[in-house]
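This report goes through the fold, the core and a few individual residues of one protein. Please keep the sequence and the model in view while reading.

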Amino acid sequence: MMSFKEVYEKFKCNKTDAAVARKANLNKTTLSRIIRELIPANRNYLWSLCFALELNLDQSEELFAAAGIYMNSSYHMSEQEKDREKFLKECINKKQYNVIELNVELYGMGYQLLGNQTYTKH
């Protein structure tokens, strides 16, 4: 089995880590620590990366598995978390990958936002 870093690099293609972090709405430091396996990737960060890397569901499952998390395991989730993940899977199936647009929808539904960056007015 490949390490998380190997799977991430496989899907990253020619994108820089900074570009992936920006597209995933993740702090660059957070992404770096996840890649170097200094901190565990949680489900929210993994979903953010799936959208930033524009993965399909099979590829997403592979990224989750490389982080030691099984995407379809939901026994420990609340009904709201299960509904959120169902919505995220539907977005991947529809190839709706824009994290900012998804966060607007997630916010409107009362769900946790993707990533860990906060939005500010400029």
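## The nonpolar core

A nonpolar core is a set of buried Ala, Val, Leu, Ile, Met, Phe, Trp, Tyr and Cys residues joined through side-chain atoms within 4.5 Å. In this predicted model, the largest such core has 36 residues. The residues with the most contacts inside this core are F4, Y8, W47, L49, F51, L63 and L114. At least two core residues come from each of helix 1 (4-12), helix 2 (17-24), helix 3 (28-35), helix 4 (43-52), helix 5 (57-66), helix 6 (79-93) and helix 7 (99-109). Helix 4 supplies the largest share, seven residues.

## Overall fold

The protein has seven helices and zero strands, so the order of elements from the N terminus reads α-α-α-α-α-α-α. The C-alpha trace spans about 40 × 35 × 25 Å along its principal axes. For 122 residues, a compact globule would have a radius of gyration near 14 Å, and the value for this protein, 14 Å, agrees with that.

Of the 122 residues, 40% count as buried. Among contacts between residues at least 6 apart in sequence, 64% join residues at least 24 apart.

## Surface and charge

The accessible surface of the protein comes to about 7300 Å². Carbon and sulfur atoms account for 50% of this surface.

W47 sits in helix 4. W47 has a relative accessible area of 0% and is therefore buried, the cut-off being under 20%. Neighbours within four places in sequence aside, W47 is in contact with F64, M71, R84, E85, L88, K89, I92 and L114. K23 is 24 residues from W47 along the chain, and the C-alpha atoms of the two are separated by 12 Å.

S3 lies in the segment before helix 1. With a relative accessible area of 28%, S3 is partly exposed. S3 and K94 are 91 residues apart in sequence, with 28 Å between their C-alpha atoms.

From N103 to E6 the distance is 28 Å, C-alpha to C-alpha, and the two residues are 97 apart in sequence.

## Positive phi in two loops

E37 belongs to the loop between helix 3 and helix 4. Phi of E37 is near 60°, a positive value in a residue other than glycine. E37 is partly exposed, with a relative accessible area of 49%.

E54 is placed in the loop between helix 4 and helix 5. Here phi is near 55°, again a positive value in a residue other than glycine. The relative accessible area of E54 is 41%, so E54 is partly exposed.

Notes
Residues are numbered from 1 along each chain as its sequence is written. This is a predicted model: local features need pLDDT of at least 70, side-chain atom pairs count only at pLDDT 80 or more; totals for chains, interfaces and linings use all residues. Side-chain values use heavy atoms; hydrogens and water are left out. Helices (H or I, at least four residues) and strands (E, at least two) are DSSP runs, numbered from the N terminus. The radius of gyration is taken over C-alpha atoms; the globule rule is 2.2 Å times the number of residues to the power 0.38. Buried means under 20% relative accessible area, exposed over 50%, partly exposed in between (1.4 Å probe, protein chains only). Contact means heavy atoms within 4.5 Å. Accessible areas come from the Shrake-Rupley method with a 1.4 Å probe; for residues, only the protein chains shown count as cover.
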